[in-house]
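Please look at the sequence and the structure before reading on.

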Amino acid sequence: MIRIKSKNDIEGIRDSGAILAETFEKLKTVVAAGITTEEIDDIAREFVLARHAKPACLGYMGFPKSVCISVNDEVIHGIPGKRVLHDGDIVSLDFCVDLNGYISDSTISLPVGKISPEAQQLLKVTEEALYRGIEKAVAGNKVMDISRAVFVHAKKYNYGVVRDYCGHGVGFHMHEEPQIPNYIFRGSNPKLKDGYVIAIEPMITMGTDEVSVLDNDWTVVTDDGSWAAHFEHTVAVHEGYAEILTKLR
Ligand code: MF3
Ligand code: CO
């Protein structure tokens, strides 16, 4: 069942998403060579707690930290710890905020210091792919319209598009129906309706689309060691337009 969000619900998710976006503004100022991923996690958690919100990933299915922090060949679900960021790394910060029960979900990938032109292009194209998808999140379109737009953009650059993980409905829970794949799929392809709220989240690699989970049962890495980027927004579907809910205001 795909749950429709009321105007009031969307307002709640927008408030949650605004705190999430502010958190990223803060994190952008601290991500630099020398910081550990755990320090970034602490800053994010304290930032949202001070705003009377909760980090929704903390404890979710046993996840031990507040932010999923994934470096270089790590695609998603990296666990913050003692790892130190170095000049030239790329790091993705995937964060979910719970404000009064309204969940927002967003991801940014950032350069650490000076990164290679190849890594710069990966970040740019992955973010562009997200926006190509968001443009299609309009009532009357279908889920596949989003998926295709993301996929086609990434494939122009011959990038790998991860298939094992997808976007999803969000708002009342972190993961709701429908799934939002980043590739052209078979099977159920729901029509998007006014009041759907979805997280669109391309996970794009410089090489293979094949990924594996490390022994810590969380961190997802590329099988060929190629670097990956991840961008995500929570988006409300409306008649005639898509509204990004995880943004500053
Ligand atoms: N925020 C992730 C997503 O985009 C999910 C994180 S899994 C968790 O779907 F366990 F860390 F919460
Ligand atoms: Co998500």
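Donors are N, O and S atoms within 2.8 Å of the metal (3.2 Å for Na, K and Ca), and sites may look incomplete because water is not among the atoms. The model is predicted: local features need pLDDT of at least 70, side-chain atom pairs count only at pLDDT 80 or more, and totals for chains, interfaces and linings use all residues. Residues are numbered from 1 along each chain as its sequence is written, chains are lettered from A and ligands numbered from 1 in the order in which they are written, and side-chain values use heavy atoms, leaving out hydrogens and water.

**Cobalt site**

- Along the chain, the donors of the cobalt ion (ligand 2) have the spacing D-x62-H-x32-E-x30-E.
- Asp 105 lies in strand 5 (residues 102–111) and Glu 201 in the loop between strand 9 (197–200) and strand 10 (203–205), so this pair, 96 residues apart, links distant parts of the chain (strands are DSSP runs of E, at least two residues, numbered from the N terminus).
- The protein donors are Asp 105 (OD), His 168 (NE2), Glu 201 (OE) and Glu 232 (OE), at 2.0 to 2.3 Å from the cobalt ion (ligand 2).

- Asp 105 is buried because its relative accessibility is 2%, where buried means under 20% relative accessible area (1.4 Å probe, protein chains only).
- Glu 201, with a relative accessible area of 6%, is also buried.

**Val 237**

- Val 237 belongs to strand 14 (residues 233–237) and is buried at 0% relative accessibility.
- Its contacts (heavy atoms within 4.5 Å), not counting residues up to four places away in sequence, include Ala 137, Leu 192 and Ile 198.

Terms used
Helix = DSSP H or I, 4+ residues; strand = E, 2+ residues; numbered from the N terminus. Buried < 20%, exposed > 50% of the residue type's maximum accessible area, 1.4 Å probe, protein only.
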